[in-house]
Every structure is written in C-alpha cells, then in structure tokens.
Amino acid sequence: MRQLISIAALTCISVASGCGGTRSDPAGMTTPETPLPTVSISGTVTFKSAPLAGATVTLWLTNTSSIQSTTTTDANGKYSFTSLRTGGNVPDDYHLWAMKDGYGFHPSVGSGAKGTRADHTGEFVQPTLGIPMYLEVIEFVATANNSVTNANFSAYDGTNPLVSVAATGQTQSYAPGDDGALKKGIAWPRQRYADNQDGTVTDNVTGLIWLKNAGCFAPATWSTAVAEANSLAGGTCGLSDSSATGQWRLPNLVELESLIDPSASDPALTAGNPFTNVAKANYWTATSYFGGQEGSPTAWVIRMSDGRYINDYAQNQKSSAMNGVWAVKGSGTGTGKLQATGLYYAYQAGDDGTLQKGVPLVYPRFIDHGDGTMTDAMTGLVWLKLANCIEGDWATAVASVNKLASGQCGLTDGSAAGQWRMPNRREMQSLADRNQNNEAEYLDFTFLNPARTVFQAAVLNNFVPSSYYWTSTTNAADPTEAWTVFSCDYGVYDISKSESQYTLAVR
C-alpha cells in the first residue's frame, strides 16, 4: 500500500447570527434584536427496512467547508439537526452523510432536499494529489419554512446488494474454473431479446429497450451522437412505438457493455438477435472519459466487432472521431439491473453525467473485513484485497486462483480452495467508478481525516498501476486471447494468454 498521506486540516467555523444583540428604536430605547428564523432536518437510517442504531450522521456546511455537527441514530434509527438558521444574503447549504463500520449508505429524501453525489476532494485530501473523494449525500438548503423530516438513508452490507451482475453469456470453457466453466452471474433467459415489432427490442436481462436499427444514424461526432439519440422519436428510424423526443438517449458505458456477448464476434452480440444493421465498428457511449469540471475531450467507445473498449484519443476524440450511434430508452426493470457509471459531471445535455442512469452508487461502497477480504456493497461480491499476489500467464493465473485459500495472499478468512475464482469480464468491470481518472490510484489510496485516523481505507492493497488484470473471459474473436482490465483507465482490452499479468480473486 502506498504511504498514507495526511489531508488538509478542517476547521469548524462558527457562523455569526448577527452583529450585537440590541438595536435602537426611534425613541432611543433599545430592544432585543429579532433572531433569524430557523429550520430543522431529520430522518431515519434503516438496514433491510429495520432501524439501524449507532450510525453517525454528519452535518456539513458547504458555505464554510466545515463540519457543523454530528449525531448518532437512536434505537429507532432516528436522528435530527435543529436550529439551522435561515435568511442571510446566501442561504446555508448543507450536506448530510451517514457512516457506520460494515455498511454503505444511500440517501433517499422527499421534497425539500435531494440525494446527490458530491465532490469533497478539497476537504478530505490534498487537491494536488488528483485523487477525488465523492460522497453520497443529502443536500439541504436552509430556507424559510423548509424543515425536512424524511431525510433518510438506507444501509447496505453486501447481503442486500443493490444490483446483481449478469452472466457474460460465455459457455465454452478454455480452462477449468474459467468463465465458460462457472458461468457466474444472473443467468440469461432462454430468449435474450424480444422484438417488439415496433422498431424496438427489449433486453430480457436488463429490461432496457433498444432501437432495433443499429445503423439508422450515420457515424457522427460525439456531440452530434448525443443530440441525435435525444431527438429520436416515433416515426423515424422505423419506430412505430409512439415514443417522444427526449425518451431516447445515447447509452452510457455500462448500458452498451451489457449488450456485449463475449462468446460471439463480428458482431459481439448473441446469435439470433433481432437487431439490424449492426456495424462491426466503434459505437459511442454517453460516458465521457473523466476530465473534471474543465471539460473532457474524449468519451468511451466500444468496438462492436469483439467488445473491445476504445480509449486511444484518435478514435474517441469527441470533436473529430466518427463513430456509430445506437439509442436506448427505459430505466431497466430486468433481473440484471445495471449500476450507474458513477460519472456525474455533465458535459452536454443528455449525456451520462446529466442523466446518471442506473442504480446510484453507495458510500462507503467497499467494506473491509480485516481478514484480507472486502465486500462491494453494490454487488455483494467479496474480493481479495492483496492485488499483486497472483501473477502469471492466463492459464496459470486461473489455476492459482482456483487453489487460493486462507493462509495465502494475506487471507485469514477461513476460505478453502475452490471457493475463489478469477473474475469474469462483467464482475471485473463492476468495480469501476467512471468519475475517477485513475482507478488504480483511487482503489489503492487511504484517505485520512483531520485527526489522522482513517476516513476511507484503501479498497485494494498494492493494486499495480498501468497493468493489465486478467478476467476469466476468453476473447471469442481470438481464443488465444483473454479479456483484461487495464488498472488505470479500467478499459477492457484483449491480451495474449501467454503474457504474464496480475489477477484479482473474487467469490
């Protein structure tokens, strides 16, 4: 693990309610100053619909970048903050978040406040390090008569995952314990796609609805692709579904990835699918390659011939690259629900950062068990923390993971040989957060709070930068290759199985 780096100290700044305590009336008499009106915010923290006691809720004032107060939930899971002033030239804008060891949290709130993802980089890590810190918060603006009583948080510990990763679809096995042998993930129904006979196709795994004609739009630049997908409506592209402008969108990276069937090639789509005019070429996604508030010159692209991700600047340069445009709609109601990419910076109306489609991420997302393992609260998958323990060619690495057991690679969890596996393509991708510009640095970084204790432990230990990590999924277009994930950009790339690379382990 990298050396722990101290964060900038936070200073709790008191907010003055006014200058002086009296004022003069016309007769020269003094009267007490009228206090500013106040409001409150309160809610309940639950785990599997039951109250969760002992969760710490923090009240952060964004106006001064300071913690105003913390409290813990009572036996009924309830908390409250009162006497929050209103008025002033700039209303007080608060962020609230929940924390308790062993849980991740997601906010849910009705009117008067909103759940959102917020950048707290400047408060929790030196900004020059370039490793962002994002929290899932409730944002609350203290304005007159805006007391909120339903600022709630739901807790997750991996036994109640928000999403279930779908199987990749690979059925042929190339080594014992690989993707084709284990077929891990939500099984596909007998009929993967349903032709709705109105120009649309429903994916029976994710529930997303796709434009049947994948070649209706000519290759375009990214900005044009986003706009064309957003403007799609019934009566065009063979649609007779009565859809209206604004219902369609360019798919985000997770959504377009969900179409890829790594057991197929030219194109990498399930055999017998009803789509038409699918190009064996690059298709845009609505997910920008993270560039911060300054902008992002590139966006993620997937090559439909084999499912390879494209991030080489020339082929994914937003302003000049000409790639395919494929539209999708719906929120996904299938058994294989998709998580959000994590990107929330908006670079153009209708893009991924604007719409943030998918199940929102929780915070903290990763739960360290102190036994060499951690759980992803989003998926329920349990991962080996030591990320540089297993290295070798693909077949050797698959076999090594199959034999992994407690006592090896820092494990003290009591696991036995045969319980661990090399992650398949979908499982490995599920770790990604597309609002990070270097996954390896983020996942192997320990954030400290002002007291120099751990605010967020490193998710993985010794996650090797600029390295390819194996998945157990073979490239059907060339079975001498397997799909890997590059540790920094977390793109999916095909690598010869004879090369020596690292692997994570999952169960």
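Select strand S21 (residues 373-376) together with S20: three bridges join the two strands, which run antiparallel. Helices (H or I, at least four residues) and strands (E, at least two) are DSSP runs, numbered from the N terminus, and two strands pair if DSSP finds at least two bridges between them. The model is a predicted one, in which local features need pLDDT of at least 70 and side-chain atom pairs count only at pLDDT 80 or more, while totals for chains, interfaces and linings use all residues. Residues are numbered from 1 along each chain as its sequence is written, and side-chain values use heavy atoms, with hydrogens and water left out.

Four bridges join S16 to S17, and tryptophan 284 has valine 301 in S17 as its bridge partner.

Now colour helix H3 (residues 222-231) by burial, where buried means under 20% relative accessible area, exposed over 50%, and partly exposed in between (1.4 Å probe, protein chains only). Its buried residues are Trp222, Ala225, Val226, Ala229 and Asn230. Viewed down the axis of H3, these residues fall within an arc of 125°, so they line one face of the helix; the arc is that of the directions from the helix axis to the C-beta atoms. Strand S16 (282-288) and strand S17 (299-303) are among the elements that cover them.

**Strand S27 and its partners**

Move to strand S27 (residues 481-486), in which six of six residues are buried. Glu481, Trp483 and Val485 lie on one side, with Ala482, Thr484 and Phe486 on the other, and both faces are covered. Strand S26 (residues 468-474) pairs with S27 in the antiparallel sense over four bridges, and a hairpin of six residues joins S26 to S27. Tyrosine 468 stands opposite phenylalanine 486. S27 is also joined by five bridges to strand S28 (residues 492-496), again antiparallel; threonine 484 has tyrosine 493 as its bridge partner. In the hairpin of S27 and S28, with five residues between the strands, tyrosine 490 takes a positive phi near 60°.

**The nonpolar cores**

Finally, select Phe463, which touches Tyr490 and Leu504, among others, not counting residues up to four places away in sequence; contact means heavy atoms within 4.5 Å. Phe463 and Leu504 are among the residues with the most contacts inside the largest nonpolar core, which has 80 residues. Such a core is a set of buried Ala, Val, Leu, Ile, Met, Phe, Trp, Tyr and Cys residues joined through side-chain atoms within 4.5 Å. Apart from it lies another core, of 25 residues, including Val39, Val45, Leu61 and Ala113.
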